[in-house]
Amino acid sequence: MSRARADEEEYWHSSKFRAFTFDDEDDELSQLKESKRAVNSLRDIVDDDDDDLERVSWSGEPVGSISWSIKETASSSNSSLEGRDSSLQKGSSSYAAFPKQVSSYSLSSLFKGELCLSLSALSDPGVKNYAPELRRPKAEYKDYSSDWSPKDTVRRMQRGKVCSLERFRSLQDKLVLLDEAVAGNDGNVITAVLIFLKRTLRREILFRELEVRQVALCHLIHFLKESGEQKLLLDLLRFLDRTEEVALSQYREHLNIQDVEKRREFLKGCIGLPFSAEDTSHIQDHYTLLERQIIIEANDRRLEAAGQSEIFQKYPRKASILNMPLVTTLFYSCFYHYTEAEGTFSSPANLKKTFKIPDKQYVLTALAARAKLRAWDDVDALFTTKNWLGYTKKKAPIGFHRVVEILQRNSAPVQVLQEYVRLVEDVETRLNLAIKYKCHDVVIETYRDLKDRIQLTAYKCKVERGSADEEKINSILNNLVRN
């Protein structure tokens with residue numbers, strides 16, 4: 001035995017090959033210690049005295065034992081091929097029956113726990129043991145070490161190293177690992193540790209510990225929402241007594257319901273959940289809107305199929321109104337049902353009253369719908385108001401400059417544009433819009449009111465020669481000269 005150990009020492013001291021490592025302390029002495037530890041570990045796993053197993057060297061050739069392989073490798077440079085063959089014959093009588101093959105196992109496989117020999121495998125004569133390659137960088141061994149502290153494990157995870165968390169078995173170790181992950185301020189590491197704890201701890205214990213760790217708790221809630229683990233999320237929120245969040249999470253489930261009738265019934269059931277007063281109002285409106293959309297959709301589909309409505313024939317519907325937002329529903333109603341009485345479900349006035357739509361939103365949506373249909377009379381009526389004396393005037397809660405922009409986008413005639421450009425109160429804004437959209441009358445009238453001869457003369461070059469606009473400018477210039 002002492003002879004074998006002396007040969008081992010001679011091999012490791014005489015080896016001229018070094019494994020690559022990033023460690024600064026990787027000198028010859030540390031290499032020797034590491035190699036000796038590796039050989040001793042192998043000796044514990046594979047017993048040299050076990051005659052039931054055939055041994056294979058690193059090149060795939062059978063030998064007597066691992067220690068013999070080390071001796072043979074060390075002396076191979078000074079021995080002949082025939083001597084080596086004769087030694088192999090002594091080590092194993094089945095050499096001729098062994099084909100050469102590359103070992104599929106390595107020392108790192110042993111450290112990773114991937115090579116496990118059961119008693120039944122050891123007793124099977126057909127099982128061959130493959131001695132692993134010894135010369136590996138020390139840094140690779142450390143990747144799979146079981147001696148890393150929670151702090152070191154978190155640091156290595158932050159650097160993208162492969163770390164096994166299974167060694168943290170006690171509750172205390174797992175909580176220390178979680179605290180170190182939170183202290184590291186790395187969301188990916190925190191989430192990875194939480195997944196490990198979720199898998200290895202009972203729910204009550206996990207919830208109780210997270211209740212006092214708000215950062216980790218927020219990460220877990222976000223992860224459960226993203227991964228769609230709705231049941232566990234609801235259990236966690238109930239444990240935390242967050243009733244409103246439980247209600248909102250349940251309400252969010254309506255997005256997964258495709259059938260419109262089932263969705264309507266689901267929303268009806270959500271009205272009784274413990275929402276805040278404001279959220280309860282929103283849920284009620286959502287249910288009412290969907291119910292209204294179902295009625296409108298059924299009626300309009302029937303009218304369109306029967307060909308009984310001129311507007312559906314002229315402007316066929318491009319999509320269903322079901323599950324559309326309130327503003328889209330209002331636009332649809334202003335487009336197809338603008339003239340209907342307030343008592344009908346599809347009437348724009350009914351929608352405005354039922355859902356308390358503000359005047360600005362209603363006017364903006366109705367203007368866009370009627371301008372798209374080029375219904376300029378409806379546009380005019382939308383802004384015309386009458387006071388208590390019976391006088392009429394135009395008033396726009398959204399500002400006439402926005403009215404002009406919407407009309408221009410819908411290709412309104414110049415006469416219509418000019419009428420609303422004149423209603424813009426700010427002089428500079430009015431002038432800019434008139435010049436931009438070539439409303440010559442408004443530009444000329446504005447410069448006239450400002451008595452700006454220079455700008456009038458300059459603008460004269462922008463109108464068509466011999467046109468009514470040029471004559472109008474000349475007339476104004478002449479009057480300014482006389483005055």
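## Phe335 and its aromatic neighbours

Start with Phe335: in this predicted model, its relative accessibility is 9%, so Phe335 counts as buried, the cut-off being under 20%. Its ring pairs up with the ring of Tyr315, and here the centres are 5.6 Å apart. The two planes sit at 80°, so this is an edge-to-face pair.

Where do Tyr315 and Phe335 sit in the chain? Tyr315 belongs to the loop between α17 (310-314) and α18 (326-336), while Phe335 is in helix α18 itself. They are 20 residues apart, and the pair links distant parts of the chain. Both rings also belong to one aromatic cluster, made up of Phe312, Tyr315, Phe331, Tyr332, Phe335 and Tyr336.

## Another ring pair

The count for the model comes to 11 aromatic pairs. As a general point, a pair of aromatic rings is described by the distance of the centres and the angle of the planes. Take Phe383 and Phe400: their ring centres lie 6.1 Å apart with the planes at 55°, so this pair is called tilted.

Phe383 is in helix α21 (residues 376-383) and Phe400 is in helix α22 (residues 400-409). With 17 residues separating them, they too link distant parts of the chain. Are these two residues buried or exposed? Phe383 is buried, with a relative accessible area of 0%, and Phe400 is buried as well, at 10%.

## Cys334, also in α18

Back in helix α18, have a look at Cys334. Its relative accessible area is 0%, so Cys334 is buried.

Which residues does Cys334 touch, leaving aside those up to four places away in sequence? They are Pro348, Ala366, Ala369 and Arg370. In the case of Pro348, the sequence separation from Cys334 is 14 residues, and the C-alpha to C-alpha distance is 5.8 Å.

## Helices α13 and α14

Now for some helix packing. In general, two packed helices are described by the angle between their axes and the distance between the axes. For helix α13 (residues 230-239) and helix α14 (residues 243-251), that angle is about 160° and the axes are 8 Å apart. An angle over 145° counts as roughly antiparallel, so α13 is roughly antiparallel to α14. Their crossing is left-handed.

Which residues of α13 are buried? The list is Gln230, Leu232, Leu233, Leu234, Leu236 and Leu237. Besides α14, the buried residues of α13 pack against α10 (187-200), α11 (203-211) and α12 (214-227).

## Helices α9 and α10

Helix α10 has a partner of its own to look at: helix α9 (residues 171-183). The axes of α9 and α10 come within 9 Å and cross at roughly 160°, so α9 is roughly antiparallel to α10. This crossing is left-handed.

From α9, the residues in contact are Lys174, Leu177, Leu178, Ala181 and Val182. They meet Val189, Ile190, Val193, Leu194, Phe196, Leu197 and Thr200 of α10. By class, that comes to 10 nonpolar, 1 polar and 1 charged residues.

## Positive phi values

Most residues other than glycine have a negative phi. Which residue just after α13 takes a positive phi? Asp241 does, with a value of about 65°.

Ser411 is another one to look up: it is not a glycine, yet its phi is positive, at about 60°. Ser411 lies in the loop between α22 and α23 (414-421). Then there is Lys438, with a positive phi near 55°. Lys438 is placed in the loop between α24 (427-436) and α25 (440-450), and it is exposed, with a relative accessible area of 60%.

## The chain overall

Stepping back, the protein chain has 27 helices and 5 strands. Of its 483 residues, 38% are buried. Among contacts with a separation of 6 or more, 52% are between residues 24 or more positions apart.

Technical notes: Residues are numbered from 1 along each chain as its sequence is written. This is a predicted model: local features need pLDDT of at least 70, side-chain atom pairs count only at pLDDT 80 or more; totals for chains, interfaces and linings use all residues. Side-chain values use heavy atoms; hydrogens and water are left out. Axes are lines fitted to C-alpha atoms, for helices over the stretch in contact, and angles run from 0 to 180 degrees between N-to-C directions. Helices (H or I, at least four residues) and strands (E, at least two) are DSSP runs, numbered from the N terminus. Angles under 35 degrees count as roughly parallel, over 145 as roughly antiparallel, 65 to 115 as roughly perpendicular and the rest as oblique. A crossing is left-handed if the near helix is turned anticlockwise from the far one by less than a right angle, and right-handed if clockwise. Buried means under 20% relative accessible area, exposed over 50%, partly exposed in between (1.4 Å probe, protein chains only). Contact means heavy atoms within 4.5 Å. Rings of Phe, Tyr and Trp (its six-membered ring) pair if their centres lie within 6.5 Å; planes under 30 degrees apart count as stacked, over 60 as edge-to-face and the rest as tilted. Ala, Val, Leu, Ile, Met, Phe, Trp, Tyr, Cys and Pro count as nonpolar, Asp, Glu, Lys and Arg as charged, and the others, Gly among them, as polar.
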